[in-house]
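Please keep both in view while reading.

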Amino acid sequence: MLDESTTAAYLERISATPPDRPDLAALRHLHERHVLSVPFESLDYHLGKEVQYKDDQVIDKIVHQRRGGGCGEINMSFSLLLRTLGYAARLHHGQVWIGGRLNAPYNHLVVTAEVDGRRWLVDAGFGKGSRYPLALDTADPQPDPHGEFTVRAVDGRSTDVLCDGKPLYRFYDDPVSISDFDQVVWWYQTSPESLLRQNMFCRLPLDDGWVLLKDDVLTITRGKETRTEKLADDAAVLAAYESWFGITFEKRPTPSPHRSSSVRMAFEEK
């Protein structure tokens, strides 16, 4: 649970209105503001920093350092805020569909929240996930600014999440704790085959599109128009981090030298 001052700082970080009660309207507002404010990024993997995804550590990174992160960082942080605000929020592990197959277990962390007897998928840390929570008690398509999402029960303990008919990931109802992800996070930080070490990126939805800074290439999509620009120098890269993502660095992050074209291709499919 977060204290009062940290909760206020968190809500300010995502430009969210303090909710009067933990209802669905407030959950939708919080989810949207989180998705539009906290970038999906892999920068710590290229800055030589240990990835922080637990309790005070992740709150410091997301709220006070005004950074983003991967699914474990973003969704763990968001779950702490939701619990503090009175939501019954649970952690779940998932497997991401990449290259037409499910990746290893525990490579995605998602949150569910129960509101008035209905369960909702709360995933602010997928990169190109939904802007709003997804209802888990219906197989009907759920229109969203980021696509048409569908949740499909696989069996009694797992659910597939799809966008525009394409499977994104499968998550499981098995009870988990954040420590259950320790081994996977260690692998992502140390393995030459890690997608997060292979790809240095920072991505954030816009009201009408997306912005992505991958290495020194800035891609901005607004509506149906996409503009791509290779930034000229370190100063331009640092300015892009600050202006588009609100992240200030003294020195430009540099990509890991351990890169593989096949792994980069897999990431682009994700």
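Which helix gives the most to the negative patch? Helix α4, residues 55–64, does so, with three residues. The model examined here is a predicted one.

## The negative patch

On the surface, D3, E4, D55, D56 and D60 gather in a patch of negative charge. One of these residues, D56, has its place in helix α4. D56 counts as exposed because its relative accessibility is 66% and the term applies to values over 50%.

L2 and D56 are 54 residues apart along the chain, yet their C-alpha atoms are 8.9 Å apart in space. L2 lies in the segment before α1, the helix of residues 4–13. Is L2 buried or exposed? L2 is buried, since its relative accessible area is 14% and the cut-off for this class is under 20%.

Helix α5 covers residues 71–84 and holds 14 residues.

How many of the residues of α5 are buried? The helix is mostly covered, with 13 of its 14 residues buried. Just after α5, G86 takes a positive phi of about 105°.

## Salt bridges

Side chains of opposite charge can pair when their charged atoms come close. Across the whole structure, a search finds 17 salt bridges. Three of these pairs are described below.

R67 belongs to the loop between α4 and α5, whereas E41 belongs to strand β1 (residues 40–41), so the pair ties together parts that are 26 residues apart in sequence. Both R67 and E41 are buried. These two residues are also members of a network of salt bridges that links E41, D44, K61, R67 and E73.

## Two further pairs

Another salt bridge joins the side chains of K54 and D182, at 3.0 Å, N to O. This pair links distant parts of the chain, 128 residues apart: K54 is in the loop between α3 (44–47) and α4, and D182 is in helix α6 (residues 182–190). K54 is partly exposed, with a relative accessible area of 23%, and D182 is partly exposed at 29%. Both terms follow from the limits, because partly exposed covers what lies between the buried class, under 20%, and the exposed class, over 50%.

R157 forms a salt bridge with D174, and the closest N and O atoms are 2.6 Å apart. R157 lies in the loop between β8 (147–153) and β9 (158–163), and D174 in the loop between β10 (166–172) and α6, so this pair ties together parts 17 residues apart in sequence. R157 is partly exposed, with a relative accessible area of 37%. D174, at 25% relative accessibility, counts as partly exposed too.

Which value does phi take in Y106? Phi of Y106 is near 65°, a positive value in a residue other than glycine. The place of Y106 is in the loop between β3 (101–102) and β4. With a relative accessibility of 25%, Y106 counts as partly exposed.

D215 likewise is not a glycine, although its phi is positive, at about 60°. Where is D215 found? D215 is in the loop between β12 (209–214) and β13 (217–222). D215 is buried, with a relative accessible area of 18%.

V115 is found in strand β4, residues 108–115. At 5% relative accessibility, V115 counts as buried. The C-alpha atoms of V115 and P22 are separated by 7.6 Å, while the two residues are 93 residues apart along the chain.

Definitions and conventions
Residues are numbered from 1 along each chain as its sequence is written. This is a predicted model: local features need pLDDT of at least 70, side-chain atom pairs count only at pLDDT 80 or more; totals for chains, interfaces and linings use all residues. Side-chain values use heavy atoms; hydrogens and water are left out. Patches are made of residues with over 30% relative accessible area and no salt bridge: like charges are joined within 9 Å, nonpolar side chains (Val, Leu, Ile, Met, Phe, Trp, Tyr) within 5 Å. Accessible areas come from the Shrake-Rupley method with a 1.4 Å probe; for residues, only the protein chains shown count as cover. A salt bridge is a side-chain nitrogen of Lys or Arg within 4 Å of a carboxyl oxygen of Asp or Glu. Lys and Arg count as positive and Asp and Glu as negative; His and the chain ends are not counted. The place of a charge is taken as NZ of Lys, CZ of Arg, CG of Asp or CD of Glu. Helices (H or I, at least four residues) and strands (E, at least two) are DSSP runs, numbered from the N terminus. Buried means under 20% relative accessible area, exposed over 50%, partly exposed in between (1.4 Å probe, protein chains only). The expected span of a helix is 1.5 Å times one less than its number of residues.
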